[in-house]
Amino acid sequence: MGKKTETNRSYRDRNASVTVSVSFMVHLICVLGLAIAFWVAQNVYSINLVSDPTQTLILLWVVESPIVILLYSLLRRNPEQCSYLKAVGRGIVGLPIGALLMAFGAVILGAPIGIQYLEKTVNWSLLMSLFTVVPTACVFGSSWEDWQRLFAYTKPVEVLDYIICVPAHGAVIGTWLGAWPMPLDWERPWQEWPVCVSYGAVAGYLLGILASLAFMLVFGGRRQHLKGE
Amino acid sequence: MSSSSSSLTCARLATWTIVAVLLQILGLLLFVLGFFPVKPALSGVSGPESYRSPMSNSMEDHEHINQLSPYQRRSLYKEMSEIPPSFDRLILMVVDGLPAEFVLGKGDQPPTKAMMDAMPYTQSLLSHGTAIGYHAKAAPPTVTMPRLKAMVSGAIGGFLDVAFNFNTQAFLDDNLLGQFLNIGWKMVMLGDETWIKLFPGLFTRHDGVSSFYVKDTIEVDHNVSRHLGAELVANDWNLLILHYLGLDHVGHIGGRSSILMIPKLKEMDEVIKTIHMSSVLPQDPSHERTLLVVLSDHGMTENGNHGGSSYEETDSLALFIGLGSKIPDYASATRNAAFQVDIAPTLALLFGVPIPKNNIGVLMGETFDSLTDDQRLRALELNSWQLLRLLQAQLPGLLCGNFPCNGFNDAQCSEIDAHRVNIEKKFYCLFSKAATLHRSWVSQEGRSFCSTNTDDFRRTVAAYNEFLRTANEWLSRRATDKPPELLAPGIATMVVSCVTLLSILFRLCKEVYLREKQHLFGSDNCKYKWHLDEVFALVVIVILVFSMGSSSMVEEEQYIWHFLTSTLYLIFLRKAIQSPSAGATSSLLNVIKRQKFSYNSRACSIIFVLICGRVLRGWHQGGVNWVHLPDISKWLEQIDARIIKSIQIVSVFCVISLSSLALYLLKLKSRVVLVVQLSLFLSGLLVVMHIMEYHGQTFAPSNYSSTLIAQIFYAILGSTVMLTVLQAPWVLPISDGETHVNTESHSVTSFSINIQMNSPLLALRYSLYLIGWTYTVCWCLLQLLLQQPINAMPVLLLFFQILGTILYFSVGGTHDKQWVEVAALYFLGMAGHFGLGNSNTLATIDVAGAFIGISSHSTLLAGVVMFMITLASPLLFLLSMVIYISMKDASYLLFSHNGNIGHLLQMMIGFPCLVPLALNSVMLTAFTIVLVLMRNHLFVWSVFSPKYLYVCATTVCVYVGVLVVALTGIYTSSVFFFRKRMLSSMENGTSTKLKQ
């Protein structure tokens, strides 16, 4: 903990916005939001991803989206030049755009196309967008260099980068791995699109959050420390 | 090879590659020969000739026999066989999956108390001596269809026999049911519909049940038994087949000790009782004599599975109820061992029909006890003759009869046995011994009717049995053995070749990397950095190898290829949106100009390739489990045939116009280019004509004019390719230092050609570009002609994918590792293979297309065309490697611009040849090992072996493709170097002249 406070101090000196503890809180709230959404789905509406994927996914993204947009807008880059509302607006715009990107990626990788799948794909991609694109949109807006650094090069530099980049990659990789059981002939209901993929995405997101925290403690802290000196 | 003399490294590379490939071919041959033994089978159906000795060469007119009516035929058989049929009717009751242990016990032990109690009636039959049971050992694979075939034909089919009549599931070999039909029997079939698939149209009445719903144990059997009463009363049939699936289903659900097992056995016992009471027992002379045979096709393991070769699975039952003779005691009624194939000759002889031609079984001696001695010997003799004919087919020297063997010399026979000299000699000896004994017994019997010759009789029977058992063992070993002395060296050789190829590839990678470093930084001590796409390409290979071990993954392989290939291309996309890379190769002038352009075009071309890939995947719902789901091809076929036709024509014109554009972009006013363009256009027109013709007469696709069009098309295509390959390197203008500037302006404006004009090897790349386009376009046109109409669009999409990929790579400069690029092309080819509707079952092979443009019925030609249709996509991508080579500027890797031909070849065709070979060898070796590990798997014949055939075909395809690429590269660059030398010597000559 001593190291952490030291990091915080050195970080604050650099007039940067985010500390490890703040990021921890952000992650915690996001995870809690997800958990609450799952809990509500299970206990209030008594549905889950397997029994009613569409409704559950709607519930998930409706609960999660205000949390993510409002939280990450707090962490926006250059708070002096960019108002909170603007960041929120970026997040709201980013949500459908990201969903489009995610849906494109999923369809390219073989997601089924058809009227009966449309609803599921849309809701799933909105959730994926919340995991990946929306935080970045809130924080960095349309700064192409930052997007490129985070997603084309995967070179997170500061704590903020880790908060956004690692869970997003985790969600994408989790989704990719979650698609593997789909073609198998086990005849289980969860093999349907997008059930196992959503599970994979959530699991990957959670693991990504854990990994990002670990990264921040190990690398981020050290790097900030060095820079502080 | 010209390359071998010029450079040591190149020569070594080529030599090692060739050695590795030869080793691979050798290993593959050894393995295939070991794993899929091909035994020569006799064609045709046994007829009256089977009642004559194979030694006598008397031939009678066969037409006469073929014209016989069934009843004439029946009496002819009766007369010739000298054995009056003991029965008129046969009831074949097949209890699927019933282990013989349940009825007969294991070894010396009677069955358990519970089992005895479950089948009281059957047990009483056994103990009263009215039934005799056999442990009829089944051969693997212990699954229903091959076992039914073995029971009715007495032959053990190899896998390749199955593979080669993939057209039909109908059983065409000589078999009991066919023989019964020939003598005019009426047959009724109730139960498993496999019989109906095997013998379509054979049954007078049938009620098939599907074995699909394994969970159902009641209805499947009720469905059979509900007809039983009516059928037993009816007397219009001679053969009644009852196939009960319930017991197998019980096993699949709960294993041998399932609580459902005892009730199920009781039910079977009731059925046996009903049949026995109503049909077999009444023996008044007016009534037809009926034999009830209870069979099981295979046993089951403790868990209820089957397919393998364990004792539990192969221990199947053959129970004869109602034979005339009385069995002395319970032990001799239950402790008999035989083989499943023995059922066929036994039933054939009991019912007076010829033994099926490829039978390897031996009659079950005890079932003939009610016959007279001479009839029993005659039965043995007939069985021996039939086996002798089969042996003769496999050992052509057998009946030449020039062995120094006196026949009945015991000592000599055993001596032969001891020395294991000559298998033919041994068989001949054993047979002639038995035959001689038989003859002497017959002559003795003619002289005196005293009983002194029982000893002789026993000796004769023993001699026959020895011959029959020896022949049976030898024949069945030939059919099922997987000799480890072939398999092990085969696998070892393949592994060695795979390792060799991989290490060559690795060394080439290292060398190229070092050169690159030297070229770029002037130092060679940089650490190697792995990029994501390289790592993922390796991951793809690993995943593919592991996915081969799962039968579901093999069945649905198309998803894996598409998923992995698309992911790889998404990674390329990610790379493409990284900041515009200053292609290290590009000359300074081009860098600035083209940066923005290349940046966008790279991303766009990748997205284009990805979208094409997705459409391709949606075109055919391949695989096994999800075939019924809707896809684009089904949708189009439903709408209208005219739409498909117009898509075909549009595809042809797209291919033609794209090729014209590409050749136009060369900006070469050479006559060759013009000729190529013209002939491609002409071929395209011919394809369109063929399409119109084909659709005009859908029902007669092989009519004269369309065949003629196809043949003209083949001729034009062939001559175009030959002309281009041979002529292009000679006639295209060879560039030297001065001409660069003039040509530069053209290429910069072009969108697809990225031939950098300051390259010293411009002419070489020009000609490779031309040849590559000719190859690719010709192949596309050929496929548009050959493939099913619905596949026209996928062929076009594959063509687009090639263009997009090559465009992406050619703009990329050194940013990507060359091996990843070639691997990506190869992966695309394999994904496209499934996009064209292929799968890992043999059912998807397009047989109809194999006869387009072939006027005579030639199996070889049709096979070649079928190969081209099936492996269209991998070959297309291998051929497109030539374009890739021409577009990829690797010349900077040479030490000097005038470097020797060896270096050039190594850099140019090293990767495009080695990477497919290495990838394929990894797949081949891995799947070979998987196949050996899975040899007892339930799906080895239905899933893994067909897949292995595809893997072998892909290997051949890779060899062909790589050979074409390598030969083209070698020929073109040798011509180039030759011309260059001529040019420089001429220049030298002129300059010296000037000096003088």
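**Notebook: a predicted two-chain model**

I began with B:Val293, which I found in strand 6 (residues 290-295) of chain B; helices (H or I, at least four residues) and strands (E, at least two) are DSSP runs, numbered from the N terminus. I noted that this is a predicted model, in which local features need pLDDT of at least 70 and side-chain atom pairs count only at pLDDT 80 or more, while totals for chains, interfaces and linings use all residues. Residues are numbered from 1 along each chain as its sequence is written, chains are lettered from A and ligands numbered from 1 in the order in which they are written, and side-chain values use heavy atoms, with hydrogens and water left out.

**Entry on B:Val293**

I looked up the accessibility of B:Val293, and at 0% relative accessibility this residue counts as buried (buried means under 20% relative accessible area, exposed over 50%, partly exposed in between, with a 1.4 Å probe and protein chains only). Not counting residues up to four places away in sequence, B:Val293 touches B:Leu90, B:Ile91, B:Leu92, B:Met93, B:Leu319, B:Phe320 and B:Leu347, where contact means heavy atoms within 4.5 Å. I also checked B:Leu323, which is 30 residues from B:Val293 along the chain, and the C-alpha atoms of the two are separated by 9.8 Å.

**Entry on chain B as a whole**

For chain B I counted 39 helices and 8 strands, and of its 996 residues 58% count as buried. Among contacts in chain B between residues at least 6 apart in sequence, 80% join residues at least 24 apart.

**Entry on B:Arg378 and its partners**

Next I turned to B:Arg378 in helix 19 (residues 373-394) of chain B, which counts as buried at 7% relative accessibility. Its side chain meets that of B:Glu82 in a salt bridge (3.8 Å, N to O), the rule being a side-chain nitrogen of Lys or Arg within 4 Å of a carboxyl oxygen of Asp or Glu. This pair links distant parts of the chain, 296 residues apart, with B:Glu82 in the loop between helix 4 and strand 1 of chain B. I saw that phi of B:Glu82 is near 65°, a positive value in a residue other than glycine; most residues other than glycine have a negative phi.

**Entry on other salt bridges**

Over all chains the count comes to 22 salt bridges. In one of them B:Arg256 pairs with B:Glu101, the closest N and O atoms being 3.1 Å apart. B:Arg256 lies in the loop between helix 14 (246-254) and helix 15 (261-280) of chain B and B:Glu101 in helix 5 (residues 101-104), so the pair ties together parts that are 155 residues apart in sequence. B:Arg256 is buried, with a relative accessible area of 6%, whereas B:Glu101 is partly exposed at 21%.

By contrast in setting, I noted B:Arg459 and B:Asp456, whose side chains meet in a salt bridge (3.7 Å, N to O) and which both lie in helix 22 (residues 454-480) of chain B, 3 residues apart, about one turn of the helix.

**Entry on the interface**

I then looked at where the chains meet, and 20 residues of chain A are in contact with 26 residues of chain B. The area buried between them is about 2100 Å², of which carbon and sulfur atoms give 66%; buried area is the accessible area (1.4 Å probe) that two parts lose on being put together, summed over both. In chain A, A:Ile108, A:Leu109 and A:Trp180 lose the most area to chain B, together 29% of what that side buries.

Across this interface the rule finds 0 salt bridges. B:Arg614, in helix 27 (residues 588-619) of chain B, has contacts that include A:Val107, A:Ile108 and B:His562. B:Arg614 is buried yet has no salt bridge, and the nearest side chain of opposite charge, B:Asp631, is 10 Å away (Lys and Arg count as positive and Asp and Glu as negative, while His and the chain ends are not counted). The side chain of B:Arg614 reaches the backbone oxygen of A:Val107 at 2.4 Å.

**Last entry**

A:Pro194 is placed in the loop between helix 7 (159-178) and helix 8 (195-228) of chain A.

Notes:
Polar contact = N/O pair within 3.5 Å; in protein donor to acceptor, adjacent residues only side chain to side chain.
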